[in-house]
Amino acid sequence: MLNWIGIAAINMAIAVALGAFGAHGLKNIASPQQLEWWHTATLYLLIHALGLLLVGLLIRLKYITQTTAWLLQIGIIIFAGSLYAMTLGAPLWFGAITPIGGIFMIAGWLWLAVSTFKSKDSIS
């Protein structure tokens, strides 16, 4: 089993580092649109990393399976990754895959909801 708490912590560290890079390293070379993409990617990365931390705890406590964590992590990579890539000069068609990452993140949260409703050991 993967250590989802550790993966969440790495995601949070990456979010802080990329946020700082966006604020200081890109402000003079990126367009306002590119900075907005960077900010959105960093915000979603940080929020979902925190969520992944909670999911990691729930997995450790055996309340849920790893499926939620996988869905969230894949979503983070696709969503934030495509926005970061476009900011750094990737073709704009990368924007077409950004919503796929969002769908994975939504699916992760819905999977968590379904899993907890179905669980005999649900958290009260």
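From the N terminus on, the chain runs α-α-α-α, and the model you're looking at is a predicted one. Let's work through it.

**Exercise 1: Getting your bearings**

Work out how many helices and strands the protein chain has, what it spans along its principal axes, and what share of its residues is buried.

*Solution.* Start with the elements: there are four helices and zero strands. Next, take the C-alpha trace, which spans about 55 × 25 × 25 Å along its principal axes. Now for burial: of the 124 residues, 38% are buried. Finish with the surface: the chain exposes about 7200 Å², and carbon and sulfur atoms supply 73% of that.

**Exercise 2: Helix 3 against helix 4**

Decide how helix 3 and helix 4 are oriented to each other, and which residues meet.

*Solution.* First, find the two helices: helix 3 covers residues 67-87 and helix 4 covers residues 98-118. Their axes come within 7 Å and cross at roughly 160°. Angles over 145 degrees count as roughly antiparallel, so helix 3 is roughly antiparallel to helix 4. The handedness of this crossing is left-handed.

Then look at who touches whom. On the helix 3 side, the residues include Leu-71, Ile-78, Phe-79 and Leu-83. On the helix 4 side, they include Phe-104, Met-105, Trp-109 and Trp-111. Sorted by class, this contact has 14 nonpolar, eight polar and no charged residues.

**Exercise 3: Helix 2 and its two partners**

*Solution.* Helix 2 spans residues 32-60, and its axis comes within 9 Å of the axis of helix 3, crossing at roughly 165°. That angle is over the 145-degree cut-off, so helix 2 and helix 3 are roughly antiparallel. Their crossing is left-handed, and the contact residues divide into 17 nonpolar, seven polar and no charged.

Tyr-44, His-48, Gly-51, Val-55 and Leu-58 in helix 2 meet Met-105, Trp-109 and Leu-112 in helix 4. By class, that gives six nonpolar, two polar and no charged residues.

**Exercise 4: Two residues up close**

Find out whether Asn-11 is buried or exposed, and which residues it touches. Then do a check on Pro-99: how far is it from Ser-82, in sequence and in space?

*Solution.* Begin with Asn-11, which sits in helix 1, residues 4-24. Its relative accessibility is 7%. Buried means under 20%, so Asn-11 counts as buried. Leaving aside residues up to four places away in sequence, Asn-11 touches Leu-45, Ala-49, Leu-52, Gln-73 and Ile-76.

Move on to Pro-99, in helix 4. At 46% relative accessibility, Pro-99 counts as partly exposed. Pro-99 and Ser-82 are 17 residues apart in sequence, and their C-alpha atoms are 9.6 Å apart in space.

**Exercise 5: Contacts across the chain**

Take the contacts between residues at least 6 apart in sequence, and find what percentage join residues at least 24 apart.

Methods:
Residues are numbered from 1 along each chain as its sequence is written. This is a predicted model: local features need pLDDT of at least 70, side-chain atom pairs count only at pLDDT 80 or more; totals for chains, interfaces and linings use all residues. Side-chain values use heavy atoms; hydrogens and water are left out. Axes are lines fitted to C-alpha atoms, for helices over the stretch in contact, and angles run from 0 to 180 degrees between N-to-C directions. Angles under 35 degrees count as roughly parallel, over 145 as roughly antiparallel, 65 to 115 as roughly perpendicular and the rest as oblique. A crossing is left-handed if the near helix is turned anticlockwise from the far one by less than a right angle, and right-handed if clockwise. Contact means heavy atoms within 4.5 Å. Ala, Val, Leu, Ile, Met, Phe, Trp, Tyr, Cys and Pro count as nonpolar, Asp, Glu, Lys and Arg as charged, and the others, Gly among them, as polar. Buried means under 20% relative accessible area, exposed over 50%, partly exposed in between (1.4 Å probe, protein chains only). Accessible areas come from the Shrake-Rupley method with a 1.4 Å probe; for residues, only the protein chains shown count as cover.
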